[in-house]
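Notes follow in the order I looked things up.

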Amino acid sequence: MIELIRNCEHGSCVSTYVVHGTDSRKTIVKLSHDPVGIEDLRREFEGWKWYHLRVDSHHPIACKIVQENPGFVKLCIDYIEGTIPCYTRGLVHNRKYLDAMVSHYLTIWPYSGDLVAMHGDYSLGNAVFQQGQLLMIDWEHFRSSAVFWGFDVVYLLVEALFYSVRRFRRIRADELDVFIKCAQSVQDRGELPSEFYSRPVGYLSDFIREKRELWGDQYLKFPFLSLEKPFVVELDDRISLEFKRCG
Amino acid sequence: MLLFYSSLVDFLHSQYAMIDGLFVADVEGYWSNLTKAENKVILESLKNDSARETLLRYQPWIENVIYSPKRQAGLELLQLQGDEVCIDYGCMWGALTVPLALRTRFVLSVDQTLESLQFLKARLRDESVDNVALLRNDLRKMPVFPEHVRVDIAVVNGVLEWIPEIGDIELKTYYGRRHMKAYSGCPGEQQEAFLRRVHENLNEEGRLYLAIENRFDFKMFLGIRDPHSNTLFTTILPRKVANWLSLAKLGRSYVNWTYSFGGIASLLKRAGFSRVELYMCFPDYRFPERIIPYENKWLKDFRPTISIRDINGRVGFRRLVGRFVETMVFKVFRLKSLSPSIIAVAEK
């Protein structure tokens, strides 16, 4: 039994399916016959290979290219059962998941002053929690040696904050508190760019716009890029004030 | 091409003349979203420009219809291995021909409209796809293939409902307009006869991919017009009543028969197919967002597919209502028989 679950969303050219095997095992199938989609799938394969070497998983996750020719690529990935947090619920609601994801990042990406590999969409919506273990999925934006250390977790926190502001229609102090604490736990293990502390949302947005080729047309899917500049400035001012207050 | 599919190509050579790289039967016929005059402009431009550039210059609205990577998503239901020989019945501009050709051994693409095939030929040239043969023929007049050239896969995508139609169709000037026409025969019988021929031309392990609108698409109950005739309620009413309505409004019988899930399964069984798997397709089979097996009882993971925003990003009231109704019908009440489109994968 096959189900199409996503089809070329957010500017992607990849179709994604769940295949239900006769032995009740499930597999994710991703395929494309578009040159951009094919590149995304090859990157996803590389990303899984890279991640697999570094993650300590109870069950090895298989990701293989099952069909490949100049105009078509098809990838099969083991389906991972588990819970995916609701990324729109805000930081307080997702605190334990955010802590786990920050900790996961710090384990998989030990601090380096050089450019590091990138997941590219390190989001609550791409985190699967399974029996206390976390696995990140959807590696189609993977790049090796592409971004500053900490990029993915900065992205995670800014995206979570965006959805918090959208949900509550204001910047809540308790939400901001979680943001600050998560950022500080990252800072304990390595050095984020100094500009992050003075204008985190603006800095991340500018960085993504400058490096948009890393995501192709899909860079437009990042929700915080749609924030109006005055609001970004207001948000950054609040956050930088909190950073200063917390030392 | 000759290396791998010489038997089928030899057969085509024995049956048809070859003109300008196309196999051509002695038929007339035209079915296109474009008028003949518009097609003429397109074909003239193809002499100097690529197929895609030509469309973007002269008919930009149709570029996404032809080239969207979304269109081929249903083909995965066939679980293609890469060595199949396929027929795309009613291929038009190659929305499924090209993806099929990129992942199988060979595709014979058949259409009655010469202009569509000429465009497709240019498109295949641009995209360096060389495992496709093009045949201009009336789909109702396909010959029976000798056993040794019968194919693995047949694709009938948005075609079945047009089989009973006759005469030249320029959709812009035909759709919803009054054109007096006299048909003969029963549309259902004509569709069945076509499917029988499709069945005959499959080899023993052959499979059919068929996509069509659901007769009982929930939107049809809400006053959305029949997408083939622009009439109200004709898909859901008994055929006789639909006929009267069509005669009254359009001056011609209602022939664009679509089916329910049960109806399609019965039709395919009558045409000789042995095993039929049915899929619900949202929001439609042309640009699917979700394809769900019909046997999925609960639709518990269903997410609405109707966007509240139009292509300009504006929120529309009708879209809001549509999304709400879609959520209620499928996620809450789980009325899967009212899905917008049907995909059937049938085995010989």
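Predicted model: local features only at pLDDT ≥ 70, side-chain atom pairs only at ≥ 80, totals over all residues.

I picked out one pair, Trp31(B) with Trp162(B). Their ring centres are 5.0 Å apart and the planes sit at 65°, so I logged the pair as edge-to-face; the cut-off for that label is over 60 degrees. What does this pair tie together? Trp31(B) is in strand β3 (residues 31–32) of chain B, while Trp162(B) is in the loop between β7 (151–157) and β8 (169–170) of chain B, so the pair links parts that are 131 residues apart in sequence. I checked accessibility too: both Trp31(B) and Trp162(B) are buried.

On chain A I found an aromatic cluster whose members include Trp48(A), Trp50(A), Tyr51(A), Tyr105(A) and Trp109(A). Also in that cluster are Tyr111(A), Tyr122(A), Trp139(A), Phe142(A) and Trp149(A).

**Entry 1: the A/B interface.** Next I went to the contact between the chains. I get 20 residues of chain A in contact with 23 residues of chain B. About 1900 Å² is buried between chain A and chain B, and 54% of it is on carbon and sulfur atoms.

For polar links, I count 12 residue pairs in polar contact across the interface, both partners at pLDDT 80 or more. I then looked at which elements of chain A take part. β1(A) gives the most, with 6 residues. Sorted by class, that side of chain A has 10 nonpolar, 6 polar and 4 charged residues.

**Entry 2: Lys74(A) and its partners.** The salt-bridge count between chain A and chain B is 2. One I looked up joins the side chains of Lys74(A) and Glu76(B), 2.7 Å from N to O. Lys74(A) belongs to strand β5 of chain A. Buried or exposed, this Lys74(A)? Its relative accessibility is 9%, so Lys74(A) counts as buried, the cut-off being under 20%. Leaving out residues up to four places away in sequence, Lys74(A) touches Glu76(B), Leu80(B) and Arg103(B), and on its own chain residues including Val29(A), Leu31(A) and Ile65(A).

Among the chain A residues in contact with Arg103(B) are Leu31(A), Gln67(A), Asn69(A), Phe72(A) and Lys74(A).

**Entry 3: Arg42(A).** Arg42(A) is in helix α1 (residues 35–54) of chain A and, at 28% relative accessible area, is partly exposed. Beyond its neighbours within four places in sequence, Arg42(A) contacts Glu68(A), Asn69(A) and Val73(A). I also took its C-alpha separation from Leu115(A), 73 residues apart along the chain: 21 Å.

Methods. Residues numbered from 1 in each chain as written. Chains lettered and ligands numbered in written order. Heavy atoms only, no water. Contact = heavy atoms within 4.5 Å. Buried area = accessible area lost by both parts, 1.4 Å probe. Salt bridge = Lys/Arg side-chain N within 4 Å of Asp/Glu carboxyl O. Polar contact = N/O pair within 3.5 Å; in protein donor to acceptor, adjacent residues only side chain to side chain. Helix = DSSP H or I, 4+ residues; strand = E, 2+ residues; numbered from the N terminus. Nonpolar A, V, L, I, M, F, W, Y, C, P; charged D, E, K, R; others polar. Buried < 20%, exposed > 50% of the residue type's maximum accessible area, 1.4 Å probe, protein only. Phe/Tyr/Trp six-rings, centres within 6.5 Å; stacked < 30°, edge-to-face > 60°.
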